[in-house]
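Colleague: I would like to learn how to read a model like this one. Could you take me through it feature by feature?

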Amino acid sequence: MGFENEKSETSIILDEDEFNRSVEPILNKKDKVFTETPDRDPQDTNGNLKVSFEDVVGEPGTAHSFDKVWIGSHAVFELVKYVLYRLLTTVLAIPLSFVAGVAFAVLSCVHIWVAMPAIRSLLMVLPPLRTVWQSLTDRFIAPLFHSAGACLSAVDAKVLEN
C-alpha cells in the first residue's frame, strides 16, 4: 500500500520536566486550576457589613451554653445569613439596580443641565450686580452712617453700679 516504503524516523525525547518520576500529582505543580473571585468591594464601601457570628452573639466566660447548642446556632446563623442574602439579592438586586440607575441618571441630568448652568449664569450676573450694589451703598448708606457716627462720637456712656 505504500506504507512500507516510507522511512520511519521516530525518536522519544524525555526531559526531566516532562517525565515526572515523583509520586506527586501533576496538578500540584501547575498553576491554580480555579482562579479566586474578584474583589467586589475594592474601596471597602460596605466594610461595616462584615459581620460574623461572634460579633452578634457572644457568651461571656461565666455563662456558656452547651457546645452542641453553640455549634448548631452558629451553623444556623451562617446558613440563614447566606441563604437569605442569596434569595434577597436574587429577588431585589435587578429592580433596585434599575431604581438606583434611574436615580443617578436623573441626578446627573439635573446637575449637568440645570444646576451648573444656573450657577454659571449667576456667577456671570453677580459681578455687575455687586458693582451696582457697592455704588448704591457708597452713595446713600455710607454717608448716613458716617454722619450718625460723627454725631454720636461725643456721647460718653458710663456704667453705674448700685
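Predicted model: local features only at pLDDT ≥ 70, side-chain atom pairs only at ≥ 80, totals over all residues.

Colleague: What is the mean pLDDT of the chain, and what share of its residues reach 70 or more?

Modeller: The mean is 82, and 78% of the residues reach 70 or more.

Colleague: How many helices and strands does the secondary structure come to?

Modeller: Helices (H or I, at least four residues) and strands (E, at least two) are DSSP runs, numbered from the N terminus. In this chain there are three helices and zero strands, and the order from the N terminus is α-α-α.

Colleague: What percentage of the residues count as buried?

Modeller: Buried means under 20% relative accessible area, exposed means over 50%, and partly exposed is in between (1.4 Å probe, protein chains only). Of the 162 residues, 1% count as buried. The chain exposes about 16,100 Å², and carbon and sulfur atoms supply 65% of that area. Such areas come from the Shrake-Rupley method with a 1.4 Å probe; for residues, only the protein chains shown count as cover.

Colleague: Which residues make the nonpolar surface patch?

Modeller: Patches are made of residues with over 30% relative accessible area and no salt bridge; like charges are joined within 9 Å, and nonpolar side chains (Val, Leu, Ile, Met, Phe, Trp, Tyr) within 5 Å. Here Val 76, Val 80, Leu 84, Leu 87, Leu 88, Val 91, Leu 92 and Leu 96 make a nonpolar patch of about 710 Å². Val 80 belongs to helix H3 (residues 67-152) and is partly exposed, with a relative accessible area of 40%.

Colleague: Now the charged side chains. How many salt bridges does the structure hold?

Modeller: The general idea is that side chains of opposite charge can pair when their charged atoms come close. A salt bridge is a side-chain nitrogen of Lys or Arg within 4 Å of a carboxyl oxygen of Asp or Glu. The structure holds two. One joins Glu 78 to Lys 81, with the closest N and O atoms 3.7 Å apart. Glu 78 is partly exposed at 28% relative accessibility, and Lys 81 is partly exposed at 37%.

Colleague: How far apart are Lys 81 and Val 51, in sequence and in space?

Modeller: They are 30 residues apart in sequence and 9.9 Å apart in space, C-alpha to C-alpha.

Colleague: And which residue forms a salt bridge with Lys 50?

Modeller: Asp 44 does, and the closest N and O atoms are 3.2 Å apart. Lys 50 is exposed, at 61% relative accessible area, whereas Asp 44 is partly exposed, at 42%. Asp 44 sits in the loop between H1 and helix H2 (53-56). Its backbone deserves a look too: Asp 44 has a positive phi of about 55°, although it is not a glycine.

Colleague: Last topic: how many disulfides does a search of the whole structure find?

Modeller: A disulfide is a pair of cysteine sulfur atoms within 2.5 Å, and the search finds zero. As for cysteines, Cys 109 is partly exposed, with a relative accessible area of 41%, and Cys 151 is exposed, at 60%.

Definitions and conventions. Residues numbered from 1 in each chain as written. Heavy atoms only, no water. pLDDT = per-residue confidence, 0-100.
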